[in-house]
Amino acid sequence: MAGHGFLPHFPVLLPVPDLRPWQAGNLLPGVWSFDSGRPGPHVALSCLVHGNEFAGALLLARWLSQGLRPQRGRLTFIFANLAAFARFNPADPTLSRFVDEDLNRVWCDRVLDGPRDSLELRRARALRPLIATVDVLLDLHSMLWPSDPLIITGAMARARDLGARLGVPPLVVADQGHGTGRRLIDHATFTAPEGHRRAILVEGGQHWEPETLATLEACATALLRETGLIEAPPPAAPVPRPAPSVAEVTRTVIAGTHGFSFVRPFRGGTVIRARNTLLALDGEAEIRTPHDDCLLVMPSPRTMRGHTAVRLARFLRPEDLAPP
């Protein structure tokens, strides 16, 4: 068991990156930005919003070492919570998610302009002027429990359609965010109804798995090609890939008791075909699927009271999506 006695042991199969060469940044601490000098969008790739999710940091550190630069527009790499990452311990790898509070729940201007203080709030306040200049943001994440990788887009159709165009991973989920606070992708920079800026989040797979790093690299590469910051490869024989599926969250299940439990182990990405199928017991209350073909988004088998246990989603029809 992990040191806090609540979670099982998760092996760390990825090398812990040495980020010392990249801590200073060339714009802000932990932030590297490169302008091509040619017209184009400002694209940002962020990692380490949660300090124990370092697969994205491995990718960005490698691209920095390789000297990746945009052919047009501006490209920014953000190592968001280096202070939390500095606490990472492979013997108990879940404990370095944040220092004071979740950096991915503070991106509301009312909170950022308010009197409250924490290490994560100070970091978000330092990053906010930069974020306000970003046209397209991809936030690189991973997951604790087994799940198919997916792109999360928030509620904006323009972000949802961008995720579907990337095609990797092929599952795109639009949601309304978290009641406990706004994520980076939910900041007003990206959610103004009249705006053009877009932000998406990719959950590449389980923490510390080599396959997760490969998925994050494929997604980030697809985004840089989609936005024109790097060249697309010459045409080749098509590689068969599943067509993108887009789903919209219809219910977020919050554990109301400390006795929340699923009726069987569910993997994220599972589709329950029949409406009214029993999923879990929350004390004496039954949690059932609200509709047919119900997608289970990132179910958490160890859920404390007041925390999200699972999000339930319905697949959208092709005619609901914007044309390419």
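A residue is called buried under 20% relative accessible area, exposed over 50% and partly exposed in between, with a 1.4 Å probe and protein chains only. By this criterion Phe10 is buried, at a relative accessible area of 11%.

The model is predicted: local features need pLDDT of at least 70, side-chain atom pairs count only at pLDDT 80 or more, and totals for chains, interfaces and linings use all residues. Residues are numbered from 1 along each chain as its sequence is written, and side-chain values use heavy atoms, with hydrogens and water left out.

**Aromatic contacts**

Rings of Phe, Tyr and Trp (its six-membered ring) pair if their centres lie within 6.5 Å; planes under 30 degrees apart are stacked, over 60 edge-to-face and the rest tilted.

| Pair | Centre to centre | Angle between planes | Class |
|---|---|---|---|
| Phe10 and Trp145 | 5.4 Å | 80° | edge-to-face |
| Phe260 and Phe262 | 5.3 Å | 80° | edge-to-face |

Phe10 belongs to the segment before β1 (31-35) and Trp145 to the loop between β4 and β5 (150-152), so their pair ties together parts that are 135 residues apart in sequence. Strands here are DSSP runs (E, at least two residues), numbered from the N terminus. Trp145 is buried at 15% relative accessibility. In the other pair, Phe260 is buried at 7%, and Phe262 is buried at 16%.

Ring pairs also link Phe54, Phe85, Phe88 and Trp208 into a cluster. The charged end of Arg69 sits over the ring of Phe34, 3.7 Å from its centre; this requires NZ of Lys or CZ of Arg within 6 Å of the ring centre and within 35 degrees of the ring normal.

**The largest pocket**

A pocket is an open set of points on a 1 Å grid over the protein atoms alone where a 1.4 Å probe fits, with protein on both sides within 12 Å along at least five of seven lines; lining residues have an atom within 4 Å of a point. The largest pocket holds about 1300 Å³ of space. Its lining comprises 42 residues, with Arg97, Asp102, Arg105, Ser300 and His307 nearest the centre. The lining divides into 15 nonpolar, 19 polar and 8 charged residues. At least two lining residues come from each of β4 (136-143), β7 (198-206), β8 (245-254) and β14 (308-315); β4 supplies the largest share, 3 residues.

**Cysteines**

With a disulfide taken as two cysteine sulfur atoms within 2.5 Å, the count is 0. The sulfur of Cys47 lies 14 Å from the closest cysteine sulfur, in Cys219, too far for a bond. Cys47 is buried at 0% relative accessibility, and Cys108 is buried at 14%.

Definitions and conventions: Points joined across faces, edges and corners; volume = space filled by probe spheres on them. Helix = DSSP H or I, 4+ residues; strand = E, 2+ residues; numbered from the N terminus. Nonpolar A, V, L, I, M, F, W, Y, C, P; charged D, E, K, R; others polar.
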